[in-house]
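Please have the sequence and the structure open while I talk.

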Amino acid sequence: MARTLINLPKSAKPGDTITIKTLISHPMETGFRPGADGRILPRNIVTHFVCRFEDEEIFRVELFPASAANPYLTFTWIATRSGRFSFTWRGDGGFDQTESAAITVA
Amino acid sequence: MDRRGALAGLAGTVLVIALRPAAAATLPRTETTESAIRRFAGDNPIRPGRVTLDLPPLVENGNTVPLTVSVESAMTPEDHVRRIGVFNERNPQPNVVTVHLRPGAGRAQVSTRIRLADTQRITAIAEMSDGTYWSASADAIVTLAACLEG
């Protein structure tokens, strides 16, 4: 499992705009770089990221080799009710990881 | 062009001349930027405005360049940003990132970190819920290119 960092407030008032920051450790090998033996290393990147709140998709990204290593994404969301976020990263070689975080809205 | 832009452009020219023999120009290019943008926006007209693209004008290390795109939008169900596409001119592939937004997003603002293989212009294009497309561009001068060193 790749290490992830997810940063969002634990609680918010209804109507607050909160900022969600996510990062996952991943080499994001571009497929254009030569390795130590001079041959091009195969592409190995995260291609999709989805953030859901209680199974409703709120934010989705398609990533390309132009993403820096350890892809980092910041986005916002208007707090409506308490619940759980899930964060899913998918990529080359069957890479698939899901993390979750909860927020209390009151 | 204002004075700052003119100076940045001049500095870019000097650096490009200095760095070009390194091999940046020989990178394979899978698709033109224009065709990638057309794949994103179809035949719709793309107007300048409403989009703000923040990235450092002078990049020391192209392997990780902070990028923030924001779009002027109320983000209501009636009027919101559907997608934001970011495109480059000189990386091996023209696509940088494509973001899908929903009305409940609050602000139409996204930050990430990208790779830049060369001194180049970055373009962000936003698709609004009314089907219009808006864009902004920013130039970045890259002193150490991404993608090249092993």
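Helices (H or I, at least four residues) and strands (E, at least two) are taken here as DSSP runs, numbered from the N terminus. This is a predicted model, in which local features need pLDDT of at least 70 and side-chain atom pairs count only at pLDDT 80 or more, while totals for chains, interfaces and linings use all residues. Residues are numbered from 1 along each chain as its sequence is written, chains are lettered from A and ligands numbered from 1 in the order in which they are written, and side-chain values use heavy atoms, with hydrogens and water left out.

Let me begin with chain B, which has two helices and nine strands, and whose elements, read from the N terminus, run α-α-β-β-β-β-β-β-β-β-β. Of the 150 residues in chain B, 47% are buried, where buried means under 20% relative accessible area, exposed over 50%, and partly exposed in between (1.4 Å probe, protein chains only). If we take contact to mean heavy atoms within 4.5 Å, residues 24 or more positions apart account for 69% of the contacts in chain B with a separation of 6 or more.

Now to the interface, where 31 residues of chain B are in contact with 29 residues of chain A. The buried area, that is, the accessible area (1.4 Å probe) that two parts lose on being put together, summed over both, is about 2,600 Å² between chain B and chain A, and carbon and sulfur atoms give 52% of it. Which three residues supply more than any others of the area that chain B buries against chain A? They are His100(B), Arg113(B) and Arg115(B), with 26% of that area.

A salt bridge, by the rule used here, is a side-chain nitrogen of Lys or Arg within 4 Å of a carboxyl oxygen of Asp or Glu, and across the interface of chain B and chain A the rule finds one. Arg102(B) forms a salt bridge with Glu57(A), with the closest N and O atoms 3.3 Å apart, and a network of salt bridges links Glu57(A), Arg60(A) and Arg102(B).

Over all chains the structure holds twelve salt bridges, and I will pick out three of them. Arg43(A) and Asp92(A) meet through their side chains at 2.9 Å, N to O, and this pair links distant parts of the chain, 49 residues apart, from the loop between β3 (17-24) and β4 (46-53) to the loop between β7 (83-91) and β8 (95-105) of chain A. Arg43(A) counts as partly exposed because its relative accessibility is 38%, whereas Asp92(A), at 19%, counts as buried.

In chain B, Glu34(B) and Arg38(B) form a salt bridge at 3.6 Å, N to O, and both lie in helix α2 (residues 33-41), four residues apart, about one turn of the helix. Finally, Arg39(B) forms a salt bridge with Glu31(B) at 3.0 Å between the closest N and O atoms, and Arg39(B) is exposed, with a relative accessible area of 56%.
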